[in-house]
Amino acid sequence: MKEACGVVGIVAPGRDVAHLCYDALYALQHRGQESAGMATYHNQQITVVKDNGLVSHVFADTTLRALAGSIVIGHTRYSTSGSANWTAAQPVYRSAGRSGFAIAHNGNLTNTSALADAQDIRVTSMLSDSDLVAELLARSVERGASLAEALGEVLSGAEGAFSMVILEAEAVHAVRDPYGFRPLCLGRLGTEDEPEGWIVASESPALDVVGATFIREIRPGEMLTITTEGVESVQLLEPAGEKQKLCIFEFVYFARPDTYLMGHQVHTTRRRMGELLAGQSVVEADIVMGVPDSGIPAAEGFAKASGIPFGYGLVKNRYIGRTFIAPDQDKRAASVRRKLNPLRENIEGQRLVVVDDSIVRGTTTQALVRMLRDAGAKEVHLRISSPPFMWPCYFGIDTPTRDDLLAANHSISEMNAFIGSDSLEFITLENLRAAIRLDGECCDACLTGNYPAPVPVALGAAGGRW
Ligand code: SF4
């Protein structure tokens, strides 16, 4: 599974906003490593710099120095299949109105065909749902609407997930869909008495890294308009229900452990997942180890609750960027070996409990178990800190179709046999919800099939972006 994007928006007169944005994007690199970009407004024009690659590859100090102004948006992107090219990088720019505008989007719209058909836009000519939104906004602005009005008009017809930042002359708008699927928070630079600027970002560590103070999350359906005068809020779209539907996998896997979501630190919730998982599934073992990174806190919690010692069994290469696999290599095994290497002296002759966050296709987990056995593990007991992944996601996460989801087509004992583990257990949905401590405020459609928003096709058919 791959997250599809991190976004940032900053308004800070007198500050070097391009460098601040760089640091914030760097803190969000885990949300997308395919491309990165920024758009600034200065001297009545918008400048966009974007390219394929990591944030540190796309921007040099000289590039950042050239991005003048006091207002910026930024984006880091994981591209789903078929769109891993330069033109799919964001922000997306459109010329319309005074100076045009630029959009950076995290999420996935589910009614793109209907939106395009309504305005006779040929879907095949568009690159992404973000391009479609940009086109619809441009048309609305050309008909005389302000960009804020156009956002209300266009997004009120949009379905699915969107946490977006939009830059225009001297303002950044930040808007979140009525369900609040993807995170988006607001921070302040400077003090309460003397604010020096404002930042919105997908996750709170992007605020920490630039020295901003976390203020609050943007509410479902809310739009903030940030200028040098301050922050204005409007409820642009009616919230979809009494309860928000934040993606539950932000807690399980996507978000950084130091991120706060709805008042809960992600690391702490992951530890609780491990504790509750241990209570569900007693096993005799010598050591509990986590699969880096998100499996580690869950393994710590498992060890604490079970009394089995915690240990490290895998070392992760943290410098994976774009990788190439020789055609004659087993793709999954090569990709696992490249990312993870076993600590043989901790593993040899040991009965292991291995805590991981999820099983999607199962092939990666199979390669991991083989690697641990090759390193001398006597037994491998897999414990998974999310329930079986049964349904595709349509809300901004790149997942396979149902046909390729291991849990959708196999019993747990069949999965255990396929993966080659000695035993396999998943946390129950009740325990996952208990660990997160949010009462019905998370989307869990990929675990239950209960999609909170309309999805574009009959359940079970192919999903994802177009
Ligand atoms: S379907 Fe699953 S991955 Fe997608 S938003 Fe809902 S919980 Fe997250």
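This is a predicted model: local features need pLDDT of at least 70, side-chain atom pairs count only at pLDDT 80 or more; totals for chains, interfaces and linings use all residues.

Residues are numbered from 1 along each chain as its sequence is written.

The buried set in H5 includes Leu132, Val133, Leu136 and Leu137. What do the buried residues of H5 pack against? Their partners are strands E6 (92–94) and E7 (101–109), along with helices H4 (112–118) and H6 (147–155). Here, helices (H or I, at least four residues) and strands (E, at least two) are DSSP runs, numbered from the N terminus, and two residues are in contact if their C-beta atoms, placed from the backbone, lie within 7 Å.

From its first C-alpha to its last, H5 reaches 20 Å, close to the 20 Å expected at 1.5 Å a residue (the expected span is 1.5 Å times one less than the number of residues). Arginine 139 sits in this helix, which covers residues 129–142. Arginine 139 is partly exposed, because it has 17 other C-beta atoms within 10 Å. Just after H5, glycine 144 takes a positive phi of about 115°.

Now for the bigger picture. The protein has 17 helices and 25 strands. Its radius of gyration is 22 Å, close to the 23 Å that the globule rule gives for 466 residues, so the protein is as compact as a globular protein of that length (the radius is taken over C-alpha atoms, and the rule is 2.2 Å times the number of residues to the power 0.38). Of the 466 residues, 52% count as buried.

The domain assignment, automatic or from a database, gives domain 1 (2–242) and domain 2 (268–317 + 331–438). Their centres, taken over C-alpha atoms, are 35 Å apart.

Among the residues around it are Phe181, Cys247, Cys393, Asp444 and Cys446 (each with its C-beta atom, placed from the backbone, within 6 Å). Helices H8 (248–254) and H17 (445–448) each give two or more residues to this shell.

Definitions and conventions. A residue is buried if 20 or more other C-beta atoms lie within 10 Å of its own, exposed if 12 or fewer, and partly exposed in between; C-beta atoms are placed from the backbone.
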